[in-house]
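User: Here is the model I would like to go through. Please tie each label to its criterion.

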Amino acid sequence: MDLEKHPQQPTAPAEPDVIRASDADRDRIADILREAVAEGRLTADEHGERVDAVYRAKTVGELEPLVRDLPAPGGAAARPAAAPYDHGPEGTAGPAENLVAVFSSSTRRGRWRVGGRTNAFALFGSVEIDLTEALFGQRLTVINATSIFGSVEIRVPENISLRGSGTGIFGNFEVVTLESGDPEAPVVVVNGYSVFGSVEAKPKRGKFITDLQDRLRKHLGH
């Protein structure tokens, strides 16, 4: 009888093909694709096809082939990391809402609860995001906007803070900066770029969050 003790073998890590992709994984791959089209490594059509596949991917294994032929920032091979993504103290963690318009249109407006992150992608189409009657569940809202031969239009209340950074390549990227006097007011940050298209974020005249809150308060008081 063999009484020799055999050490327990460590459990092998799961293969990328079966690891579920996180929103952070998708965002990292989308950033690599954005840089690639800006550098001329991908055509607009190739970029559009890959970005669409990014936000449909379910596993890390589905993401890897999309950037296998592209360099990551710094020149290393592009690979999605499996480590948790640090969203910072402002609370942008959680699932992102994806608005995709490919030869079509996508609209988000009315009274709806805004999440911490929204990805807007327009390819020969248009995306409209109207936050003037939205309910903000957190202080910071990040919108990642990409427009290729299309448009992404974002409208916000006049009394929030609006910031952004991006690039227009033979296109227009415009964010009208706002700084609210209320330190507790929601902050909307718009990041992204446009190629032969437009990304535009600005306040909607006459729309204020307090107006909506007052209407809700009166409605609930009846």
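Predicted model: local features only at pLDDT ≥ 70, side-chain atom pairs only at ≥ 80, totals over all residues.

User: What makes S4 largely enclosed by the rest of the structure?

Analyst: Buried means under 20% relative accessible area. Seven of the seven residues of S4 are buried, so S4 is largely enclosed by the rest of the structure.

User: How do you know that S1 and S4 pair?

Analyst: Pairing needs at least two bridges found by DSSP. Six bridges join S1 to S4, and the two strands run parallel. S1 and S4 therefore count as paired. Within this pair, valine 100 has phenylalanine 121 of S4 as its bridge partner.

User: What makes S4 and S7 a pair?

Analyst: The cut-off is again at least two bridges. S4 and S7 have seven bridges, in the parallel sense. They therefore pair. Alanine 120 has alanine 145 of S7 as its bridge partner. Alanine 122 stands opposite serine 147 in S7.

User: In what order do the strands of the open sheet come?

Analyst: The order is S1-S4-S7-S11-S9, five strands with parallel pairing.

User: Why are S1 and S9 called edge strands?

Analyst: S1 and strand S9 (161-169) each pair on one side only. On average, neighbouring strands of this sheet are turned by 10 degrees against each other, direction ignored.

User: Which residues touch the most other members of the largest nonpolar core?

Analyst: Ile129, Leu131 and Val190 do, in a core of 26 residues. Strands that each supply at least two residues of this core include S1 (97-102), S4 (117-123), S5 (126-130) and S7 (140-148). S8 gives the largest share, three residues.

User: Why is this set called a nonpolar core?

Analyst: The label requires buried residues of types such as Ile, Leu and Val, joined through side-chain atoms within 4.5 Å. Ile129, Leu131 and Val190 are members, so they meet those terms.

User: What does isoleucine 129 contact, leaving aside its neighbours within four places in sequence?

Analyst: Its contacts are Leu99, Arg108, Trp112, Thr118, Ala120, Ile143, Glu153, Ile154 and Arg155. Another core, of 21 residues, lies apart from the largest one. Among its members are Ala21, Ala36, Val51 and Ile148.

Technical notes. Residues numbered from 1 in each chain as written. Heavy atoms only, no water. Buried < 20%, exposed > 50% of the residue type's maximum accessible area, 1.4 Å probe, protein only. Helix = DSSP H or I, 4+ residues; strand = E, 2+ residues; numbered from the N terminus. Contact = heavy atoms within 4.5 Å. Axes fitted to C-alpha atoms, helices over the stretch in contact; angles between N-to-C directions.
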